[in-house]
Each structure stands twice: as C-alpha cells, then as structure tokens.
Amino acid sequence: MPTVRLLAISGSLRAKSSNGSLLLAARALAPEGMEVVLYGGLGELPLFNPDLDEDPGPPAVVDLRERIRSADGVVISSPEYAHSVPGAMKNALDWLVGSGELVEKPVALWNASPTSTFAHAALLEILGVMSARLLPEASIAVPLRRGMDESEIAADPEIAEPIRKALDEFAAQLGSGTTRSLTVP
C-alpha cells in the first residue's frame, strides 16, 4: 500500500512549543500507511526578499519547497502572536507564494489553543490566496495544557481522539483508506 506522507510544520520556533508537541503526537498517532514528517527548518529560512528568489534560491528555501512538493499534504500548527500569524510562519509562506508548491496541495490547520482564532483566520486567508486546498474536516483546535509533551498528548484520550480523527479525515480526503498504527519516519 502506498504511504501517505504529511509534512507537519509548527509555526513556533520554541524548542518545546505546544504546537510542536501536538505535531509530534500526531506522528505517534498516525494511522498505518501514513507518515507524518516534521519540518524543523522554519528558523533557518532567510527573510523573504524577492531579489533572492532566483533559481535555485537560498538552500533553506529550496529544502522547504522540495519537502512540500514531495508531501501528499501539509499540516500547519501555529500559535497566535499579537492576533496574527507568527513572523517565522508568515515568512515561510511568503517564500512559497511565487513558486506555487501549495497550489491545490491539501492543507489542514491545527491549533494547540482554541482561543487563538485570529491566527487561524489569517492562515485561512493567506492559504486561500495561495490556492491551497484547505481541509476544514481535518483541521482541529485542541485545548492543550501548558507544558504537555507529545507522549502526554498521545496518552490523553480527550486530546488524542480528535488528532486521530483529523488524521483519518486527511487520509479520507486523499482517498487512501488507511487504518491505525504507528509509523515513524
């Protein structure tokens, strides 16, 4: 059976961010036949500058674009800063506007805090303009307690179940019909 590969991007640069932990838990909870690969290069991307956006471009940008191209879909889990998307996340998206990797790419938006509605709305707007295929059925906001790590998230049935359902829905949207088990890259 072919493997569904999701690229998971945390919009936070914090080493132990809630959004990063949420995505690590997703990797552990992924259904059989689904691989959740975490992108760790957000902080390595240079500030977007159209003058630098030439072929092949900065190495970190080339890497991001290739990872998105090779993924079947993308999950973005982003915090909210000052009622908006964190600068590092917006910067990454700016690097993808002209190159088109997100055009018709299935994308789900996750959030570790249901009260962060402004960032979610901003991401919907940005990704809509970029012609991403947004998957509201696979998008979730889960109420993580501060400091929860991925094993605590995966072990908490009230949090793990929405993650499983979102991953199953993502798989269904891709037409893969996968079943649950652990797949780690």
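The model is predicted, with local features requiring pLDDT of at least 70 and side-chain atom pairs counted only at pLDDT 80 or more, whereas totals for chains, interfaces and linings use all residues. Residues are numbered from 1 along each chain as its sequence is written, and side-chain values use heavy atoms, with hydrogens and water left out. Helices (H or I, at least four residues) and strands (E, at least two) are DSSP runs numbered from the N terminus. Helix α1 has 12 residues and reaches 16 Å from its first C-alpha to its last, close to the 16 Å expected at 1.5 Å a residue; the expected span is 1.5 Å times one less than the number of residues.

Helix α1 also gives the most to the lining of the largest pocket, with 6 residues. A pocket is an open set of points on a 1 Å grid over the protein atoms alone, where a 1.4 Å probe fits, with protein on both sides within 12 Å along at least five of seven lines; lining residues have an atom within 4 Å of a point. The largest pocket holds about 730 Å³ of space, a volume being the space filled by probe spheres set on the points. Its lining comprises 35 residues, and K16, S17, S18, N19 and G20 lie nearest the centre. Two or more lining residues come from each of β1, α1 and β3 (34-39). By class, the lining divides into 14 nonpolar, 13 polar and 8 charged residues.

Residue A154 lies in helix α5 (residues 150-155). Apart from neighbours within four places in sequence, A154 is in contact (heavy atoms within 4.5 Å) with A25, L29 and A160.

P136, in the loop between β6 (133-134) and β7 (140-141), is exposed (over 50%), with a relative accessible area of 58%. The C-alpha atoms of P136 and A108 are 6.6 Å apart, although the residues are 28 apart in sequence.

The mean pLDDT of the chain, on the predictor's confidence scale from 0 to 100, is 91, and 94% of residues reach 70 or more. Over residues 176-185 the pLDDT is below 50, and this stretch has 33 contacts in the model beyond near neighbours in sequence. Where pLDDT is low, the predicted coordinates should not be read in detail.

Definitions and conventions: Buried < 20%, exposed > 50% of the residue type's maximum accessible area, 1.4 Å probe, protein only. Nonpolar A, V, L, I, M, F, W, Y, C, P; charged D, E, K, R; others polar.
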